[in-house]
Amino acid sequence: KLMKRFNKIKKGAEDFYTAEDDFWKIFTFLGEKTKIKNAYRDSGLRLGQEFTDMNGVKRLFNDRTMNELAADLVRNNVPNYSYVSDFVKGLRKFPLGNFVAFPAEIMRTGTNIIDTALKEINYTIKVGDKIMKPFAARGRQRLMGMAITTAAIPLGTIEAMKTLYD
């Protein structure tokens with residue numbers, strides 16, 4: 001009976017964690033979709049117009065395409081533990097610790113964030129006779145955010161703690 005109660009509490013905690021995780025994925029999706037739509041619109045693309053995306057796929061500028069592009073960004077740039085490989089899941093059995101999925105996802109998404117940023121910086125579309133770079137600013141912003149997160153914040157934290165604790 002106690003084990004049944006424990007499993008029920010555990011299931012509730014897992015559901016809460018999943019819901020919280022999903023909330024941020026939805027929030028990120030909506031933000032990315034808005035940024036994508038605005039970048040294309042600001043470059044002169046109009047609804048219904050055809051363009052080639054960063055992966056070389058011909059698409060129409062419409063809501064469905066914006067949903068697909070935003071979902072792809074979330075899938076590749078936000079940690080998602082269902083993408084953890086069986087090998088990484090197997091590492092839980094070794095004395096490395098049982099929380100190996102998080103670092104694995106950080107490595108996967110970190111690489112993807114840099115790749116996405118570089119693609120965004122170099123991506124061009126032709127609107128009329130103009131060549132436009134709709135995501136260049138977003139790519140630079142993404143790259144700067146990654147640099148700050150992986151280099152500046154850790155170094156700043158170390159120096160702050162050194163100062164705080166002499």
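A residue is called buried under 20% relative accessible area, exposed over 50%, and partly exposed in between, with a 1.4 Å probe and protein chains only. This is a predicted model, in which local features need pLDDT of at least 70 and side-chain atom pairs count only at pLDDT 80 or more, whereas totals for chains, interfaces and linings use all residues. Residues are numbered from 1 along each chain as its sequence is written, and side-chain values use heavy atoms, with hydrogens and water left out.

**Salt bridges in general**

- The structure holds 12 salt bridges, each being a side-chain nitrogen of Lys or Arg within 4 Å of a carboxyl oxygen of Asp or Glu.
- Side chains of opposite charge can pair when their charged atoms come close.
- A network of salt bridges links Glu 32, Glu 120, Arg 138 and Arg 142.

**Asp 63 and its partners**

- Asp 63 forms a salt bridge with Lys 33, and their closest N and O atoms lie 2.7 Å apart.
- This pair links distant parts of the chain, as Asp 63 belongs to helix H2 (residues 63–77) and Lys 33 to helix H1, 30 residues apart.
- Helices (H or I, at least four residues) are DSSP runs, numbered from the N terminus.
- Asp 63 also forms a salt bridge with Lys 37, where the closest N and O atoms are 3.6 Å apart.
- That pair likewise links distant parts of the chain, with Asp 63 in helix H2 and Lys 37 in helix H1, 26 residues apart.
- Asp 63 is partly exposed, because its relative accessible area is 39%.
- Lys 33 has a relative accessible area of 15% and is therefore buried, while Lys 37 counts as partly exposed at 23% relative accessibility.

**A pair within helix H2**

- Glu 68 and Arg 64 meet through their side chains in a salt bridge of 3.2 Å, N to O.
- Both residues lie in helix H2, four residues apart, which is about one turn of the helix.
- Arg 64 is exposed, because its relative accessible area is 63%, and Glu 68 is partly exposed at 34%.

**A nonpolar surface patch**

- Phe 23, Trp 24 and Phe 27 make a nonpolar surface patch of about 360 Å².
- Patches are made of residues with over 30% relative accessible area and no salt bridge; like charges are joined within 9 Å, and nonpolar side chains (Val, Leu, Ile, Met, Phe, Trp, Tyr) within 5 Å.
- Accessible areas come from the Shrake-Rupley method with a 1.4 Å probe, and for residues only the protein chains shown count as cover.
- Phe 23 is found in helix H1 (residues 2–42) and is partly exposed, because its relative accessible area is 47%.

Conventions:
Helices (H or I, at least four residues) and strands (E, at least two) are DSSP runs, numbered from the N terminus.
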